[in-house]
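Here is a short briefing on one protein model. Keep the sequence and the 3D view open as you read.

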Amino acid sequence: MNTSTKWIASAVTAVAIFFGSNVMAQTNTNPGETWRLGIGIEGGIPTGNRSDFSNFALGGTARLQYDTKSNISLMLTSGYYNMFAKSQTIGGTKYTPNDAGLVPVKAGIKVFATENIYFSGEAGAGFETNYAKNTKLIVSPGIGYANYKGLDIGLRYENFSGQSDSYGLVGLRIAYGFKL
């Protein structure tokens, strides 16, 4: 992901968070001060140079979320993403490399623009589990739907950068959150 795209994504996320916090300031029906543990399944499409390696990613995450009395929720998310390797031909020989794995550890915020629609932003570290075993900076803006019964569906773009190797993932998370 080039520098201008990162700046645009950051600006859009900041504007969405600012707009969302102003829209819901007086109309939120969230009872507030609720802790949730969300368990989710993640599917995604790798982007950037990782799309040469894989067409699909699948994983699972756990998210600890604190719902404040306002329209803002705070999040801590971790889990595992597996990018399934696709067959490649090099020098006339076809082979399939090992899948690539990544453990994300992220902190973030959700800002509800309406009772159920939110904008989110997360940042953290991604620990590659094979090949170079690098640590990547993760920046992830998103949008989603959540209700107080526990359903949470979110769409996001995640950028993984560092060690002169940057790539991304367009991901969909479907989760259920349990009140703690």
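A search of the whole structure finds 13 salt bridges. A salt bridge here is a side-chain nitrogen of Lys or Arg within 4 Å of a carboxyl oxygen of Asp or Glu. The model is predicted: local features need pLDDT of at least 70, side-chain atom pairs count only at pLDDT 80 or more, and totals for chains, interfaces and linings use all residues. Residues are numbered from 1 along each chain as its sequence is written, and side-chain values use heavy atoms, leaving out hydrogens and water.

**Salt bridges**

- E33 forms a salt bridge with K69, and their closest N and O atoms are 3.8 Å apart. E33 lies in the loop between α1 (3-23) and β1 (34-48), and K69 in the loop between β2 (54-67) and β3, so the pair ties together parts that are 36 residues apart in sequence.
- K69 counts as exposed, at 58% relative accessibility. The cut-offs are these: buried is under 20% relative accessible area, exposed is over 50%, and partly exposed is in between (1.4 Å probe, protein chains only).
- D165 forms a salt bridge with K136, with the closest N and O atoms 3.6 Å apart. This pair links distant parts of the chain: D165 sits in the loop between β9 and β10, K136 in strand β8 (residues 135-146), 29 residues apart. Both D165 and K136 are buried.
- The side chains of R156 and E158 also meet in a salt bridge (3.2 Å, N to O). R156 is buried, and so is E158. Salt bridges that share partners join E42, R63, K106, K110, E122, D152, R156, E158 and R173 into one network.

**Overall build**

- The protein has 1 helix and 10 strands. Helices (H or I, at least four residues) and strands (E, at least two) are DSSP runs, numbered from the N terminus.
- From the N terminus on, the order is α-β-β-β-β-β-β-β-β-β-β.
- Of the 180 residues, 41% count as buried.
- Take the contacts with a separation of 6 or more: residues 24 or more positions apart account for 58% of them. A contact means heavy atoms within 4.5 Å.

**Strand pairing**

- Strands β3 (residues 72-85) and β6 (residues 100-112) pair in the antiparallel sense over 10 bridges. Two strands pair if DSSP finds at least two bridges between them.
- Y81 has L102 in β6 as its bridge partner.
- β6 also runs antiparallel to β7 (residues 117-128), joined by 11 bridges. Here G108 stands opposite E122 in β7.
- β6 and β7 form a hairpin with 4 residues between them.

- Most residues other than glycine have a negative phi. Q163 is not a glycine, yet its phi is near 55°, a positive value. S164 is not a glycine either, and its phi is positive at about 55°.
- Q163 is partly exposed at 45% relative accessibility. S164 is exposed at 87%.

**F178 in strand β10**

- F178 belongs to strand β10 (residues 167-179).
- With a relative accessible area of 44%, F178 is partly exposed.
- Leaving out residues up to four places away in sequence, F178 touches W35, R36, L37 and I39.
- F178 and L151 are 27 residues apart in sequence and 9.4 Å apart in space, C-alpha to C-alpha.
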